[in-house]
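Visitor: Good morning. Could you take me through this structure step by step?

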Amino acid sequence: MEALVVRKLGDPTLPPGGEDSPFAAVSGDRPIPELSSPTSVRVRVAATSLNFATFLQVQGKYQERPLLPYVPGSDYAGVVDAVGPGVRRFRPGDRVCSLASVGSFAEFVVADEKALYAVPDRCDLVAAGALPVAFGTSHLALAHRAQLKAGQV
């Protein structure tokens, strides 16, 4: 499986593989993740977003600091590849999106069924790949912080 791996903290704008880059050169030698529980779902990632939290995390400036090496990335969308025996809501071929603490800059991600959202056919997977963080952050800012009400702009 191909994945972008953070091997050390540093400047996330540097291209992968360089001596000063925090990223190892992208290779296909990572194992495809196994289902970890009866309600696990493996998703083939079609789109993931690059957001400010990921940018800070690669620099070591975010409140959550994964152990090195790790695969960065949070929100993603894709197609269900495999499901555990206890999964009831999804089956292989379903389109889903979700939010992970890390790991979406890879070909596959494993998540619990409860953490996944179905993506409607009329929604592009690229747009769905940015929904969990971008939409959630916007909703929190407008509805909870600014307390925006109906009719206000």
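Guide: We shall discuss salt bridges, then a helix, then strands. This is a predicted model, in which local features need pLDDT of at least 70, side-chain atom pairs count only at pLDDT 80 or more, and totals for chains, interfaces and linings use all residues. Residues are numbered from 1 along each chain as its sequence is written, and side-chain values use heavy atoms, with hydrogens and water left out.

Visitor: How many salt bridges are there?

Guide: The count comes to four. A salt bridge here is a side-chain nitrogen of Lys or Arg within 4 Å of a carboxyl oxygen of Asp or Glu.

Visitor: Which residue does Arg 44 meet in a salt bridge?

Guide: Its partner is Glu 107, at 3.7 Å from N to O. This pair links distant parts of the chain, 63 residues apart: Arg 44 lies in strand S1 (residues 40-48), and Glu 107 in the loop between strand S3 (95-99) and strand S4 (108-112). Helices (H or I, at least four residues) and strands (E, at least two) are DSSP runs, numbered from the N terminus.

Visitor: Is Arg 91 buried or exposed?

Guide: Arg 91 is exposed, with a relative accessible area of 56%. Buried means under 20% relative accessible area, exposed over 50%, and partly exposed in between (1.4 Å probe, protein chains only). Arg 91 forms a salt bridge with Asp 94, their closest N and O atoms being 3.6 Å apart. Asp 94 is buried, at 18%.

Visitor: And what does Asp 121 meet?

Guide: The side chain of Asp 121 meets that of Arg 95 in a salt bridge of 3.9 Å, N to O. Asp 121 is exposed at 72% relative accessibility, whereas Arg 95 is partly exposed at 22%.

Visitor: Changing topic: which residues of helix H1 are buried?

Guide: In H1 (residues 52-59), they are Thr 54, Leu 56, Gln 57 and Val 58.

Visitor: What comes after H1?

Guide: Gly 60 follows H1, and its phi is positive, near 80°.

Visitor: Now the strands. How many bridges join S1 to S2?

Guide: Seven bridges join S1 to strand S2 (residues 75-83), and the two run antiparallel. Two strands pair if DSSP finds at least two bridges between them. Val 41 has Val 83 in S2 as its bridge partner.

Visitor: In what sense do S2 and S3 pair?

Guide: They pair in the antiparallel sense, over five bridges. In this pairing, Ala 77 stands opposite Cys 97 in S3.
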